[in-house]
Amino acid sequence: MTSASAPGKIILFGEHAVVYGRPALAVPVEQVRATATVTAADHPGIRLRSAATGDDLRLATAPLDHPLAAIVRATLGELEITQDPALEITINSQLPMGAGLGSGAAVSLAIVRALAQHLGSPLSAERQSALAFEVEKLHHGTPSGIDNTVIAYGQPVRYVGGQPVERLAVGRPFRLLIADTGIPSSTGQAVAGVRQRWQADPVSYEALFDTIGGLVDQAAEAIAAGQIERIGSLMDANQQALVAMGVSHPRLEQLIAAARDSGAAGAKLSGAGAGGNMIALVDDRTASAVQTGLRQAGALGILSTEVGR
Ligand code: PMV
């Protein structure tokens, strides 16, 4: 039996603009993980089961575009295994789906890791990420690749599509609360919506993407220098640009306002928007008041994560 896992992730700065070649910053969230377990089976071929989604399928008959089957096929292809081994793969995930925590990419990476290890050929983070990226395309259409990258490397990253991953330096650890609006958000739909609006008004949208790209670079500097207050102001500015892009949501706005009113140094949506999660920058002094403020404003799950520790 072989088990392997992969963390969740959040985007700190630059979501959506990253689909258009601008940089973005993302960090793994180790508190929530997807796990895949591979065991030898007494039936021929591969059976795949996921408690989270209720899936129970045979690789041989699964649709080509089924994400679980696709990542298994991609991994076997990478390992040049042409005959399906007799295996059972079970997936368990603590990550909520459609909440911007990267559940699809985390599940893919847990499967790649467990399967490659079980078959005696562990893969590099770069190869793992490339395989998961192929499946991200099935989930989201035109993903930037940031989810599979930050999860495969398991460290804070500055990401630009198609370029080598850059590690994001963190001068002083900082704490974020991640709060769920409870409104499921479809990354594919949110990305498609931005694409339509960009096509209708490319000048305004390119300017918004440039603004966000500039904020991301300032944020990377502030994070490297440990300038926590500045990180908060930049989060607020990034949120404004996301509102202008039409990817916020009244529930996100409520949670963001509640976080700021109860002492957060900055707050913004994280991920695709239109629901899903928001993040709030807190410290030891403000964390508990912000958590209470978020809960009173109706936040569902609230996670606390320390970046750079
Ligand atoms: O919803 P998430 O957390 O998977 O984030 C999507 C981030 C986008 O920039 C909107 C899309 C992408 O592929 O980068």
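**Ligand surroundings**

In this predicted model, 15 residues surround the ligand, counting those with a heavy atom within 4 Å of it; Lys 9, His 16, Ser 144, Asp 147 and Thr 187 are the closest. Numbering starts from 1 along each chain as its sequence is written, and side-chain values use heavy atoms, with hydrogens and water left out. Local features need pLDDT of at least 70 and side-chain atom pairs count only at pLDDT 80 or more, while totals for chains, interfaces and linings use all residues.

Turning to polar contacts (pairs of N or O atoms within 3.5 Å), a ligand oxygen lies 2.5 Å from a side-chain N or O atom of Ser 144. For the side chain of Lys 9, the distance from an N or O atom to a ligand oxygen is 2.6 Å. On its own the ligand exposes 380 Å², of which the protein buries 95% (Shrake-Rupley areas, 1.4 Å probe).

As for where the shell comes from, domain 1 (2–166) and domain 2 (170–307) both contribute residues, so the ligand lies between them; the domain bounds come from an automatic or database assignment.

Methods: A polar contact is a pair of N or O atoms within 3.5 Å; within protein, one must be able to donate a hydrogen and the other to accept it, and residues adjacent in sequence count only if both atoms are side-chain atoms.
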